[in-house]
Amino acid sequence: MAARAARAARARRDVYWFGDGVADGSKEDKELLGGKGANLAEMSRMGLPVPPGFTITTEVCTDFLAEKGVFSASVRKQVAAALVKVERSIGKKFADADDPLLVSVRSGARVSMPGMMDTVLNLGLNHKTVEGLAAKSGNRRFAWDAYRRFVQMYSDVVLGVGAVDGELHDPFTMALEALKNRVGVEEDTELSAADLERLVGEFKRIVFDRTGEPFPDDPQEQLWGAIEAVFRSWNNDRAIAYRQMEGISSSWGTAVSVVAMVYGNLGKTSGTGVAFTRDPATGEKRFYGEYLIDAQGEDVVAGIRTPLPIASLEKTLPKAWRELQRIQKLLEKHYRDMQDLEFTIQEGRLYMLQCRSGKRTGFAAVQIATDMVREKLITRDEALLRVDPEGLNQLLRPVFDPKELDVARAKGRLLTKGLNAGPGAATGRIVFSPEAAERRAAEHPEPVILARIETSPEDIKGMQASVGILTARGGMTSHAALVARQMGLVCVAGAGEIEIDYARRCMTAGGRVIEEGEWVSLDGNTGEVYQGLVNTQPSAVIEHLFAAETKPARKATKHAPATGIVKAFLTLMKWADEVRELGVRTNADQPDQCETAIAFGAEGIGLTRTEHMFFGDEKIEAVREMILAEDQEAREEALARILPLQREDFEGIFMEMGQRPVTIRTLDPPLHEFLPMEEEAQRELAKAMGVPFKRLHAKVEYLSELNPMLGHRGCRLGIAHPEITRCQVRALFEAACRVAKRTGRKPRPEVMIPLVGTVRELELQAMVVREEAAAVCKRLEIDIPYLLGTMIELPRACLVADKIAAVADFFSFGTNDLTQTTYGISRDDAGKFIPAYMENEIFDHDPFAQLDQVGVGRLMHIACHEGRQVKPDLKLGICGEHGGDPSSIDFCHRLGLEYVSCSPYRVPIARLAAAQAALRHGPKGGDVEDRRRSTATRGLRH
Ligand code: PEP
Ligand code: MG
């Protein structure tokens, strides 16, 4: 057994060669060789000018990290053999004092993690080899420049000598700057060979002072030190943070590529640069990039010198330019995607050091994908899979001017970071009360940002008057987050570090006090909050979509046909609709939200939260009267006031939605969102209701719940007071009849009962709905066909889904509550500790934003499966916030749901995500259980 294992270990190839037009690996080997290693191999196979080298696999990395820093003898042997091969290819020897081979040691994971891990250049230099390099190149300055770079990088990456507390820069940068001052020069390139030689001595002294050890002179020791350091950099803080952000598994490891050095710092005919085959910001088809003459790679990235635009290379080094043009075209065609290239020119000769699929903005992703289909480089389906659905946010919302944002960051204006609850960019003057928001918006032309500890329905008008909402408390499905998303507002929620002082009308954030009226900017895509004004740019797609809305009044003003990015967006959406199987509906409570959602392509409403329709002064008072009514009579009175208001709202919604299905949910007010908590509000309400303040106050106290999210909400309210459900159903059907009479087209209502946990609850509410609907239709002499269903948002409902299905026409998964109740985590308080759960890798992501497929998903699977066994044509949908999240949509496709429903601005994202799910998994309803089992065996937590 042991012998076989030893043989297998011996047989494993740990080191892959590339160079001289051949390679052991290829672009298909990213898992083993990392993106960089795989693409160096591929470029070598293509016959492109790649310096020779070898890649040590990710398997060696994971073994090394698991075995606490030991390399097997086999790995050491394979590296030594590969190094000899490089020596032969180049015709120089490693550690040779007369003509040394130098190498770079580069990291490269399976997916690119730009700048997260470490690289060492010019490795192999010491006091002897530097003289050989100087003599052989005939350029003493170059040799010492290479040496000082090597000592600097090696000391940082391998020996860990960097800035210590209180130092602005690492000691090497400081020594370099001090030397330039002493000598009186501005640029590094102006330093002489003697200056650099002195600098190397100084660097080595710094290393000795800080580490107590001399800088290593033995090239072999340097090589293994660098390989180890690169492997260890897989677990540095930056890399871990990046992995968490991007959902990259910690088990992948990085590969290391050891590559023969080519020199961009050999004088005026040498240089180095980075380039993209298309513009990564806009997607425009133009070669884009920058370079520096007489420089090495890190100079371009580090921003020490200002690089030149790539187009000017045509004049400075025309031969290398022509070769670069040939290669960039070849590579894009070969990889069939936009490439990000790294190159070095050594004395006029071009070398390719890296290529990979280029990172791009949402704009560029859409533009490039559609352009490449037109150019017949990729298919429609590939194009759909190339665009990250979340990236569409950039096209649908205002965005910050990127340069201004850079300045804000550089000047330390970042105040704090919260949850990215409502995407987009907003800048405005900050206020701390909804009244102030309304007042300021009415009196000043400048936009307003409303900051609250948390929001409540009373804040709605203030929210409406604002361009952005900032809260100190609350999670991704808190009131502020839900409402802001539905209204299309930018929102940063649960920014726990800010302290808001309502009385003094100011907040403290990032150690600074921000007074009411100051400019603040919110980045709803990242959750970042900045002090001061950062200008925004409007969305061209939105401007087009809303100008082209199909209302007759607006038709006359219909503007010019779509061009540029708008055209690309519309094309992509059309393709998505051709492919997807899931329907996409919207969560909307107001006619204007319906209008927005339809413009975005919504096919119906999946959830109207009727309690949201009561936001606003007059309506909220009526609801409060109803909630606080002492007896049925008083409640009926309040309901009589509510009826016409509600009917009017329903009419508005039906008019907008035409013959699209409209799911209307009966009242589900978590009471804490509706009770007047402040004394002043209670006094006003007592006056309006004609009851003594004390009595009303006592009633508020009585109704106040310790755990309102699990309190007297959902259908429990309608069970205790059926007249509430009855009133809503009457309003709904009267509205439907009126609209049918007015337009000649019947609306398609779907009545939905919330928070059902037992079939009896649904039966009782269904009885009320059926009776009242029949009564209205009879009285108004119109038959309105409708569906009657329930939300599935409690674990118990999933477990007794067969019983519930017997009474319901449809299920709609309320995954906000289902997540809350499955985990037992309050959705309103989750923001406080979810970051700690993510840091500790308990959660890969916020389960209120991205569905927990393993746990909550399993309950959904049970509900679907058992519900459909009883009723094969049971309609299934989802209306929790997860209905707009791409990975959750993918799951819904596999689960075989009919539709997903999400806030209006997420509709395009859902359309694309649904298309991607169809392309990835084939027809809807593939076996989720298989997938669950395979996730479990992959050793994921939960
Ligand atoms: C849900 O719980 O997922 C849902 C849609 O209902 P609400 O967010 O209104 O509780
Ligand atoms: Mg719910």
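1. Which helix and which strand each supply at least two residues of the shell around ligand 1? They are β28 (605-609) and α34 (815-823). Helices (H or I, at least four residues) and strands (E, at least two) are DSSP runs, numbered from the N terminus. With three residues, α34 gives the most to this shell.

2. This is a predicted model, in which local features need pLDDT of at least 70 and side-chain atom pairs count only at pLDDT 80 or more, while totals for chains, interfaces and linings use all residues. Residues are numbered from 1 along each chain as its sequence is written, chains are lettered from A and ligands numbered from 1 in the order in which they are written, and side-chain values use heavy atoms, with hydrogens and water left out.

3. There are 13 residues around ligand 1, where near means a heavy atom within 4 Å. Those that come nearest are Arg609, Gly814, Asn816, Asp817 and Arg827. By class, the shell has three nonpolar, four polar and six charged residues; Ala, Val, Leu, Ile, Met, Phe, Trp, Tyr, Cys and Pro count as nonpolar, Asp, Glu, Lys and Arg as charged, and the others, Gly among them, as polar.

4. Oxygen atoms of ligand 1 lie 3.2 Å from a side-chain N or O atom of Arg713 and 2.9 Å from one of Glu793. For Asn816, a backbone N or O atom is 2.7 Å from an oxygen atom of the ligand. The protein covers 97% of the 290 Å² of accessible area that ligand 1 has on its own (Shrake-Rupley method, 1.4 Å probe).

5. Just after helix α30 (residues 722-743), Gly744 takes a positive phi of about 80°.

Methods
A polar contact is a pair of N or O atoms within 3.5 Å; within protein, one must be able to donate a hydrogen and the other to accept it, and residues adjacent in sequence count only if both atoms are side-chain atoms. The expected span of a helix is 1.5 Å times one less than its number of residues.
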